Amino acid sequence: MRRFTTLLLIVCLAATTSFGGGYQVGLHSMRNIGMGLIGTSLSYDASSLFYNPGGSPFIKDQWSFSGGVSFLLARTTFQPLNVMEQYNLEHKLNTPFYFYAAYKPTANLSIGLAVNTPYGNSLSWGETWKGRYLIQDLSFRAITFQPTVSYKIKDVVGIGVGLVYAYGAFDMNKAIPLQGSNGDGTLNINGSTGNFGFNAGIMVHPETGWSLGLSYRSKIEMSVTSANADFTVPQSLSSNFPKNKVDVMLPLPANLDFGASYEFGKDKQWMIGMNLCYVFWSTYDSLIFDFQTKTAAVNRTATPALYTDQLIMRIGAQYKASDLLTIRLGGYYDPTPVKNSYLNPQTPSMNQIGMTCGISIYPTKGLSIDAAFLYILGVERSGTYSPDNFAGTYKNALYSPGIGLTYSF
Amino acid sequence: MKKILFIILSLAVFTSCERKIDEFKVEKGSANFSTYIAVGNSMMAGYADGALYRTGQMYSIPNIIAGQLKLAGSGNFVQPVVNNDFGVDFPGARPKLIMGYPVDCKGTVSLGPVPATGTLEPAAPVGYQVNNLAIPGAKSFHMLFPGYALFNPYYARFATNANNMVVQEIAPLNPTFFTLWLGDNDVLGYALSGGVGDTITSPALFQQAMGGVITALVANGAKGVLANIPDVTAIPFFTTIPYNGLVLTQSQADSINMAMALYQLPFHYSAGPNPFLVNEPNSPHPYFKVRQMQPGELVLLSVPQDSLKCKGMGIIDPGNPFQPYPIPSQYVLTINEITMIKSMTAAYNTILFNLAANFNLGFVDMSANLRLLQKGIVWDGIKMTSTFVTGGAFSLDGVHLNPRGCAVAANYFIDAINLKYGSTIPQVNITNYPGVIFP
């Protein structure tokens, strides 16, 4: 019990991290992680509430619960252009988590709740590193709550929609190039906010074995009003940097997903699937800080991001080895939304190749213990954050073992 | 299954440890950096904040370059170290400037440069050979002037023989590589004197002197880079006080207009900024040889600020209201003087460019670099301009660079070295170098 409480505590305090193109996280169900993060055409359990609300009426059982946590370890290396020293960014252990509950009051109607962490970013470059005037450390966490209702017509078409409430908190520190006897000035900004969006999807089972899904998760504008902004500057300049509040705007991008999967073989032992995910990253034009008390030195600042929309391609496969064991494999390619001239150490983004595997063990009927492992290779990338003339080469690697439980009855 | 998972896990951990980026590889290319020397003036000596002091020398451009050349096999770089952090004592010397709270003639306290409180170090010979031969105040032809140590206390600190020419210091050092940034003072001396207390070196003499210096430097086959001369009128010393810095209220303007009518001077004043008065020997007026300053003309940072603020300098002295009070000529650069400075600088730069080509040296276009700084440059999120104090690149004397500015300049030299000799000397991380320190 104590262990469970500890786990729960870790889960509740979870910070998530950026991986993939930008600050979007893809760790939402061990079964899906095992299959290269595909899920738009799948309806094995309550995770379809998130992956495609149109899929939840196809869940076989009346009740379905799924929960789990990933342990995400990442490492980013940075080699500044033309300079000797190299920097290693040690990410903190991040634990993105999920919990889904779906219930079918009738054979064709499904209601449910999805709670997970689809966006986040957490990194710490240190206080004295070369890019400290851009970023020292940053932690951004978003947790979403999604009550969902879905309906299916015959066993062919399912549609569903969920209302998404996102709660986000962030904390960032950067240095300011105004020096006193104690070194650089600093700026800390921290705050939290919540806002609404939606998640809607449709799933079609055109013929035996086949499943097609289309889902759309809307953009959510995370605008924080009156976040705390604390400047530390030399005393002689402090009147220019009063204790301040700041309005911050960060959009969580919309996602359009298409998925297809096919089950075949004896007792549908095999399943293969694919997923195309179009991320509307271009909504992230700039990170805007609008300080409420304006002075000659403190004003509205926009940090240009100029992200571009991207298509993530994923494939996965599943094999039911026995009634007790299912194994999964998958992979994907997640291209970066960040242009070379806007490559910022705040979100050191690069093209990523993901490789995944997973298993489910069924100790008793209805219960499965799901485990998955994800390894991501970041493709070495050079770029400059041109507004700050900060240039160098980035490379990263992430790996994330995770464990979860699914219970259906 | 467990086995597979184990294999994948170990593979992942293994590959993750291998996620390294190639480290910066230092190559010396076709140059030999083993003995590096620097020749120049105050810009290369580490002079800053109006003094030559220990910390400034530590962050001198050649010392920063030398630190990087060490990675490519360069030996120790010896400077004529000042042991204290205030400056060298000789007639007229003052301690370095620091940011503080000066009180002006009106009793107003503001944030600005003030002299640090400290004792200057007696100007005594250091007693050892140095690699940094840069001498504050030195002009091109001073390098070939026997006994220059008698006239320049900074050279006297490290001259190996009082009767030496500076170029005679070079051969005993047996340099393999050098940086040369000299010649600013040939025109800057004139500019700093407001065009009245110094002369501009003639291009012919400049060419002869620079040619002589380079000949001495390359005598033993040394390679090196040469920097040209930026437009000295673009530095904060000349750009901080505006020509129309006389700010008046309506009633002040009214009384001045009345006085000007009495003087029979055709100048009109209004509320807000107005041009200062300066001397004009060619004025048609029988008594008052003055005129208003023109846009583009410059007031020097050395102008006595209290006289401007409280004594009516630039307009009318309230203690002597019967005549106008122009800013004395040594604090002003007129259009003619500025034109002269710029055309001479252009002539010097043509000479330097040709010398670099003739002697097959690397070339640093400091003139272009200062133009970039005027518009504003950004490195690693640090925005720098040529503005006094807030620009972040110049030291508090408004002429010399601060350590951060020196680091940027050192990187320009390093780029030129790499370009010319195919070496890969790393740049310095400029964020490691302090800018202006505020209280």
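Tutor: Let's start where the chains meet: the contact takes 37 residues from chain A and 28 residues from chain B, a contact being two residues whose C-beta atoms, placed from the backbone, lie within 7 Å. This is a predicted model, in which local features need pLDDT of at least 70 and side-chain atom pairs count only at pLDDT 80 or more, while totals for chains, interfaces and linings use all residues. Residues are numbered from 1 along each chain as its sequence is written, and chains are lettered from A and ligands numbered from 1 in the order in which they are written.

On the side of chain B that touches chain A, helix H1 (2-17) and strand E17 (377-379) each supply at least two residues; helices (H or I, at least four residues) and strands (E, at least two) are DSSP runs numbered from the N terminus. H1(B) gives the largest share of that side, 6 residues. By class, the side of chain B has 16 nonpolar, 8 polar and 4 charged residues, where Ala, Val, Leu, Ile, Met, Phe, Trp, Tyr, Cys and Pro count as nonpolar, Asp, Glu, Lys and Arg as charged, and the others, Gly among them, as polar.

Most residues other than glycine have a negative phi. Asp380(B) is buried, because 22 other C-beta atoms lie within 10 Å; the cut-off for buried is 20 or more such atoms within 10 Å of the residue's own, with 12 or fewer for exposed and partly exposed in between, C-beta atoms being placed from the backbone. Asp49(B) also has a positive phi, of about 55 degrees, although it is not a glycine. Asp49(B) sits in the loop between H2 and helix H3 (54-58) of chain B, and with 27 other C-beta atoms within 10 Å it is buried.

Now for the chain as a whole. Chain B has 14 helices and 18 strands, and its C-alpha atoms fill a box of roughly 100 × 70 × 40 Å, taken along the principal axes. Of its 439 residues, 46% count as buried. An automatic or database domain assignment gives the bounds of domain 1 (36-232 + 336-432) and domain 2 (246-292 + 298-333) of chain B. The centres of these domains, taken over C-alpha atoms, are 37 Å apart. Where they touch, 12 residues of domain 1 meet 12 residues of domain 2, and the domain 1 side has 4 nonpolar, 5 polar and 3 charged residues.

H7(B) is mostly covered, with 8 of its 9 residues buried; among them are Asp184(B), Asn185(B) and Leu188(B). Its cover includes helix H2 (42-45), helix H8 (203-218), helix H9 (236-239), strand E15 (332-333) and H12 of chain B. H7(B) packs against helix H12 (residues 335-358) at an angle of about 170 degrees, with axes 10 Å apart; axes are lines fitted to C-alpha atoms, for helices over the stretch in contact, and angles run from 0 to 180 degrees between N-to-C directions. That angle is why H7(B) is roughly antiparallel to H12(B), a label for angles over 145 degrees, whereas under 35 is roughly parallel, 65 to 115 roughly perpendicular and the rest oblique. H7(B) contributes Asp186(B), Val187(B), Tyr190(B) and Ala191(B) to the contact, and H12(B) contributes Ile341(B), Met344(B), Thr345(B) and Tyr348(B). These residues divide into 6 nonpolar, 1 polar and 1 charged. Just after H7(B), Gly194(B) takes a positive phi of about 65 degrees.

Finally, the core. A nonpolar core is a set of buried Ala, Val, Leu, Ile, Met, Phe, Trp, Tyr and Cys residues joined through C-beta atoms within 7 Å. The largest one has 214 residues, and those with the most contacts inside it include Val39(B), Val213(B) and Phe413(B). Helix H14 (residues 403-421) of chain B gives the most to this core, 10 residues. Leaving aside residues up to four places away in sequence, Phe413(B) touches Ile61(B), Ile65(B), Thr179(B), Val225(B) and Val364(B).
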